[in-house]
Amino acid sequence: MLICFWIGLVLVVSFAKEKYHLHFYEVVITLNKMLLLLVTNYYFFPKFYKKDKIVRFMVAIGIGIFFFGYIEELFIEPYLDLDPESHPVASPGVIFVSYGIPVAIFTGIKLMLHFRDKQQLIDRLEREKSEGQLKFLKSQINPHILFNNLNNIYSLSMQGDRRTPDTVLKLANLMRYVIYESAENHVLLSKELEYLGDYLELQKIQLEGRGTVGLVIKGDPQGYVIAPLLLIPFVENSFKHSMDTQLDDISIDLGIDITDGVLTFEGSNTHRAEAKDGRTPKGIGLDNTKQRLQLLYPERHELTITREDRVFNVRLTVKLI
């Protein structure tokens, strides 16, 4: 398409002297100029420019300009013009301008299209890389949640607790959400909060009178979407820090506020100094979520984590879609 555009443009320039009278030699001159553009496009550009040989590329274009320019001056005009004596051999400067301007404009457009295609390729590769990273990170979250809750169900079954069937059903619902609904890049915020509430109910079973858990949700989640499983690692981390370091007096307070398209999550939990023998495992959820936030909400989130003497605090703000 670009070559066709230049055919029309060069024809207009060539025929400007004789507005409506078309000479055969002018057609040949136009084809000669188009041949230079074709050589530049299909030979000079891939052979030199795409291989980062910029100086050779410029030299090749210069040689091409004078080569095809003198073909016109020495062969085309003397033998095809109706009045050869009216066309003496032009100076190098005239030839350079006559052939250099079309080549310069053509090369400029060619480079713009090349940079555009290159940027599109980079964007596509980065997007595919990000999507691959997200799939990997999500694959870590799924079994993490499953294993933690299976431990709870195992404890109930060992005790012969009558809540075991209901707990199994609740876990099945959670896993259905994790495996199927959370496969999308975004889910309804209302669904995510419903999932979060069910997850808390499962975790309370493991707490079993060792403390209190509170969740307060303010604002209307309707009409918003969020990346799936984004908040759950912070909740899971609250339970991990408290239950791994305290036998009783556990306090976990969670709050979610949705105002003007901004979700604010705040979580605090009590904890005691962890054992120094390395027996307390380090969860993968928190680091995982930090990476997801960077990929999904760049410049649109703020995460603050503080650890005081006996309280672990998390505050996350996310600009919702």
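Begin by selecting serine 238, which is buried at a relative accessible area of 5%; buried denotes under 20% relative accessible area, exposed over 50%, and partly exposed the range in between, computed with a 1.4 Å probe on protein chains only. The model is a predicted one, in which local features need pLDDT of at least 70 and side-chain atom pairs count only at pLDDT 80 or more, while totals for chains, interfaces and linings use all residues. Residues are numbered from 1 along each chain as its sequence is written, and side-chain values use heavy atoms, with hydrogens and water left out.

**Serine 238 and helix H7**

Serine 238 belongs to helix H7, residues 232-245. Helices (H or I, at least four residues) and strands (E, at least two) are DSSP runs, numbered from the N terminus. Show the contacts of serine 238 next: not counting residues up to four places away in sequence, it touches Ile252, Leu254 and Asn269. A contact here requires heavy atoms within 4.5 Å.

Now widen the selection to the whole of H7. Twelve of its 14 residues are buried, so H7 is largely enclosed by the rest of the structure. The buried residues are Ile232, Pro233, Phe234, Val235, Glu236, Asn237, Ser238, Phe239, His241, Ser242, Met243 and Thr245. The expected span is 1.5 Å times one less than the number of residues in the helix.

**Helix H6 beside H7**

H6 and H7 pack at an angle of about 10°, and their axes are 11 Å apart. That angle makes H6 roughly parallel to H7. Axes are lines fitted to C-alpha atoms, for helices over the stretch in contact, and angles run from 0 to 180 degrees between N-to-C directions. Angles under 35 degrees count as roughly parallel, over 145 as roughly antiparallel, 65 to 115 as roughly perpendicular and the rest as oblique.

Which residues of H6 and H7 make the contact? From H6 come Tyr195, Leu196, Tyr199, Leu200, Gln203, Gln206 and Leu207, and from H7 come Ile232, Val235, Glu236, Phe239 and Met243. By class, this contact has nine nonpolar, two polar and one charged residues. Ala, Val, Leu, Ile, Met, Phe, Trp, Tyr, Cys and Pro count as nonpolar, Asp, Glu, Lys and Arg as charged, and the others, Gly among them, as polar.

The buried residues of H6 include Leu189, Glu192, Leu193, Tyr195 and Leu196. With 19 residues, H6 should span 27 Å at 1.5 Å a residue, which agrees with the 27 Å between its end C-alpha atoms. Glutamate 208 follows H6 and has a positive phi, near 45°.

Move to helix H5, residues 164-179, where the 16 residues should span 22 Å at 1.5 Å a residue and the end C-alpha atoms are 22 Å apart, in agreement. Colour Thr164, Thr167, Leu171, Leu174, Met175, Tyr177 and Val178, which are buried. These residues cover an arc of only 155° around the axis, which puts them on the same side of H5. The arc is that of the directions from the helix axis to the C-beta atoms. On the other side of H5, Pro165, Asp166 and Leu169 are exposed.

**Leucine 316 in strand S7**

Select leucine 316 in strand S7, residues 311-319. Leucine 316 is buried, with a relative accessible area of 0%. Its contacts, leaving aside neighbours within four places in sequence, are Leu231, Phe234, Leu263, Thr264, Phe265, Leu293, His301, Glu302 and Leu303. Leucine 316 and histidine 301 are 15 residues apart in sequence, and their C-alpha atoms are 7.1 Å apart in space.

**Two aspartates in loops**

Proceed to aspartate 52, in the loop between helix H2 (24-47) and helix H3 (54-80). Aspartate 52 has a positive phi of about 60° although it is not a glycine, and it is exposed, with a relative accessible area of 66%. Aspartate 260 occupies the loop between strand S4 (250-259) and strand S5 (262-270). Its phi is also positive, at about 50°, although aspartate 260 is not a glycine; the residue is exposed, with a relative accessible area of 74%.

**The whole chain**

Finally, display the entire protein chain, which has eight helices and seven strands. Buried residues account for 39% of its 321 residues.
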